[in-house]
Amino acid sequence: MKTKKILASLAFTLTALIFVSCGQNNGNDTSDKGSTEQNQNKTDNENTDATTTASIVDNNEAFEKAISKDGTWIIVTLNDLTFDKELVVDGDFKNGKKDESTSEELFQRKIALYTQDENRNITNKFTLTAPKLTFNSINGSIEHGTFKGDLYISGKNFKLVNQVIEGNIYFLNQEAMDTFKIEDKDGDTPSKVTGVQELKTE
């Protein structure tokens with residue numbers, strides 16, 4: 001029993017180190033980058049304005065905390081997660097990088113439904129299931145896995161990266177729809193949306 005716990009702990013630590021070490025400061029490139037430093041969350045008016053660590057999660061409670069306005073800019077899952085309620089991604093987060101031309105800090109919010117090795121090769125992909133996922137954060141993405149449910153997007157510059165959406169995508173404003181992108185990487189399954197993609201205003 002102790003041996004199993006030690007092995008599980010080592011696997012979790014290795015995955016954390018891989019994601020923490022990913023990414024270099026390449027100006028406009030918003031590839032993965034984490035930090036082992038303590039979360040530094042700040043509130044600016046109604047938006048969360050923060051540079052944060054990566055959240056590496058393997059259960060529902062941790063995932064919900066990580067996607068909240070008090071969470072982190074990148075959320076990495078270690079297994080499939082299933083919810084029977086709506087999920088909401090809130091808050092605008094800095095990813096610790098700066099634009100090369102303007103020196104402005106860059107914002108990003110990412111759900112990584114995968115793990116990778118030290119060479120950034122994807123080793124596992126996971127499925128997130130929920131009836132509804134609303135993404136309010138700007139510069140958001142869901143990457144390299146499967147989401148089963150309907151995706152509602154209100155934040156600008158949202159993208160899918162080699163991501164399968166088994167459901168519909170609803171844009172809650174025109175800006176979200178106009179700035180939506182699919183930015184697949186070579187060597188992986190292309191993004192696919194099984195349902196409709198349409199503007200939905202209430």
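Begin by selecting N59, which caps the N-terminal end of α2 in this predicted model: a side-chain oxygen of N59 lies 3.2 Å from the backbone nitrogen of E61, a polar contact being a pair of N or O atoms within 3.5 Å, where within protein one must be able to donate a hydrogen and the other to accept it, and residues adjacent in sequence count only if both atoms are side-chain atoms. Residues are numbered from 1 along each chain as its sequence is written, and side-chain values use heavy atoms, with hydrogens and water left out. Because the model is predicted, local features need pLDDT of at least 70 and side-chain atom pairs count only at pLDDT 80 or more, whereas totals for chains, interfaces and linings use all residues.

Next, select α2 itself, residues 60-67; helices (H or I, at least four residues) and strands (E, at least two) are DSSP runs, numbered from the N terminus. Its buried residues are F63, A66 and I67, where buried means under 20% relative accessible area, exposed over 50% and partly exposed in between, with a 1.4 Å probe and protein chains only. Seen down the axis of α2, these buried residues fall within an arc of 90 degrees, so they line one face of the helix; the arc is that of the directions from the helix axis to the C-beta atoms. On the other side of α2, E61 and K65 are exposed.

Now show what covers the buried residues of α2, which includes β3 (54-57), β4 (74-77), β5 (81-82), β6, β9 (109-112) and β12.

Staying in helix α2, pick E64, which is partly exposed with a relative accessible area of 29%. Leaving aside residues up to four places away in sequence, E64 touches F83, K85 and L87, contact meaning heavy atoms within 4.5 Å. The C-alpha atoms of E64 and L87 are separated by 7.4 Å, although the two residues are 23 apart along the chain.

From here, move to the largest nonpolar core, whose 27 residues include F63, I111, L128, L133, L151 and I169, the six that touch the most other members; such a core is a set of buried Ala, Val, Leu, Ile, Met, Phe, Trp, Tyr and Cys residues joined through side-chain atoms within 4.5 Å. Two or more residues come from each of α2, β6 (87-89), β12 (127-135), β14 (146-153) and β17 (169-171), and β12 gives the most, with four. Apart from this core lies another, of eight residues, among them I56, W73, V76 and A112.

Finally, zoom out to the protein, where there are three helices and 20 strands and where buried residues make up 44% of the 202 residues.
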